[in-house]
Amino acid sequence: MNWFYLYLVAGCLFLLAFLVRQYCIRTKSASSLLDDWKGNNPKVSRLTLIGRAAILFIAALTFGLLTVVVWPVVLAIEVWELFSNRKRRMNLKKPVFEVKKSDLIQPHTREEIEAIELVVDPLQAVPSLPFGHLHAAWKKYLEEVQPEDALWSFSAYWQGSLLCDEQAVGYVVVRGKRIGPYFLAGIRSEPWRPRT
Amino acid sequence: MTVQIPETLICENTRRTLLSEPLADYFTLGGRNPGLRWQSTACWRGYVGTWELCNKRLYLIALADYLSLSEGRSSNLSLATLFPEYPHRVFAHWYWGTLRIPMGRRLGNIGLAFHDNCERTLLLRFERGVLLAASERHNDGKKMNADTPMQIAEAVALLDASDGSVEVEI
C-alpha cells in the first residue's frame, strides 16, 4: 500500500512540475488556453461566463486526476516529443535562397535601376524614391556594391515555404564570374491549393 | 494549431476578412521591423493590419497589436511605429502576391491559417501593389479548386456586395 501512496505523491509532484513548465512556456500569453479553445467558434462565444468557467474547471480537474494516475505515460509522451521535435528541427533545415547564373536576366546601371524602381503614388502614400518605403534598404545594399561590380536583374524560383514555390525578383551583383550579394525587389507567391 | 486572427480589407466602405499577410513581404524585403513579436497563439505575427483597396491600389491604413484589440484598449502599435512619415496611409508597392478573401458561408468552425474555410475564395493578384487580375476559387462542391478568372471591376463589385460573409470579430 505504501508503494501506491508513493506512486500518487510522485504523480502530484510530476503534475506540479508539468504545470510550472507549461506556465513558463506560456507566460507571455495568459489567454492562450482560452484562445486555443475559443478560436473563432461562435458556439463557445455564446456561453455565459459561469458556463465557460465550469467547463474549464471540469477540464482542468479531469486533466489533473488523469495525470496523477497515469503520470509515467505523460512523462513518456513528453520525453518522446522532446526528442522527436529536436530530430524534426534538425531535418527541417530552411532552404537558403541564392541567385544562380541561370537566374540572371540583363545588366543594368545603377541609374537605370533607380529609374525603373521609382515609386509614385497619386495619394502620396510613399516617398517618391527608388523602391519607395524600401529605399533605406536599397541604400544599405549599395554600400556593398564596389565600383567594378556589375548589377544584373534576376528572377529566381525557390521553395520559400513548405506550402508553395515563390518567385523572387530583384538585382544582384556580378563580380567577374562570381555572383555577389542580392537585393530583393519582390516575391511572387501563388496561394496554397489543397490537394484533392 | 490555433486559428489566426486575420487581417482586414476595406473596399468601397465594406470590411472583409483577409487571409493574406502583405506586411510579411515588407519585412522579408528588408523593411524595418521594430521587433514585432507574438503575443498570443491566435496571432503569431504580432500585429493586425487593416488594408484598403483604392483605385486598384493596395494601402495599409491601420496597424494594431492583437492584445490591445482583444482587450478593447488603444493600441501601442500604429502605422507611425513602422512608417513615421506616413501615419495615415502607406502604399504597399512591395506587394507582388495574391490576396485571399473568403466569400460565402463558412464550411465549418475550425480552419487553419492557410485553409480557406468558406464556400469561395476571391483571389486578387497584385504586382508592385497594383491590382492586376482577379479570380474566384470554389472550395466545395463539384467545382472544388477550380479558379474562374473574372474582370477586376466584377471582383470589386463582388467585394462590395453583401453575400452573407462575416468578418471575423476580434
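Buried means under 20% relative accessible area, exposed means over 50%, and partly exposed lies in between, using a 1.4 Å probe and protein chains only.

## Ground rules

This is a predicted model, in which local features need pLDDT of at least 70 and side-chain atom pairs count only at pLDDT 80 or more, while totals for chains, interfaces and linings use all residues. Residues are numbered from 1 along each chain as its sequence is written, chains are lettered from A and ligands numbered from 1 in the order in which they are written, and side-chain values use heavy atoms, with hydrogens and water left out.

## Chain A at a glance

Chain A has seven helices and four strands, counted as DSSP runs (helices: H or I, at least four residues; strands: E, at least two) and numbered from the N terminus. Along the sequence they run α-α-α-α-α-β-α-α-β-β-β.

Of the 196 residues in chain A, 32% are buried. Its accessible surface is about 13,700 Å², with 65% belonging to carbon and sulfur atoms; such areas come from the Shrake-Rupley method with a 1.4 Å probe, and for residues only the protein chains shown count as cover. Contact means heavy atoms within 4.5 Å. Among chain A contacts between residues at least 6 apart in sequence, 51% join residues at least 24 apart.

Helix α7 of chain A covers residues 135-142, and its buried residues are H135(A), A137(A), W138(A), Y141(A) and L142(A). They fall within an arc of 160 degrees seen down the axis of α7(A), so they line one face of the helix. That arc is taken from the directions from the helix axis to the C-beta atoms.

The buried residues of α7(A) pack against α6 (110-116), β2 (150-158), β3 and β4 (178-189) of chain A. On the other side of α7(A), A136(A) and K140(A) are exposed.

## The largest nonpolar core

A nonpolar core is a set of buried Ala, Val, Leu, Ile, Met, Phe, Trp, Tyr and Cys residues joined through side-chain atoms within 4.5 Å. The largest one has 57 residues, and L23(B), W94(B) and L124(B) touch the most other members. Its largest share, five residues, comes from strand β3 (residues 166-175) of chain A.

Beyond its neighbours within four places in sequence, L124(B) has contacts that include L53(B), L99(B), I101(B) and L159(B).

## Salt bridges

Over all chains, the structure holds ten salt bridges, each a side-chain nitrogen of Lys or Arg within 4 Å of a carboxyl oxygen of Asp or Glu. One of them joins E52(B) and R89(B), whose closest N and O atoms are 2.8 Å apart. E52(B) lies in strand β3 (residues 48-54) of chain B and R89(B) in the loop between α3 (79-82) and β5 (90-91) of chain B, so the pair ties together parts that are 37 residues apart in sequence. E52(B) is buried, with a relative accessible area of 18%.

R137(B) also forms a salt bridge, with D147(B), and here the closest N and O atoms are 2.8 Å apart. R137(B) sits in strand β8 (residues 130-138) and D147(B) in strand β9 (residues 147-150) of chain B, ten residues apart. R137(B) is buried at 2% relative accessible area, whereas D147(B) is partly exposed at 32%.
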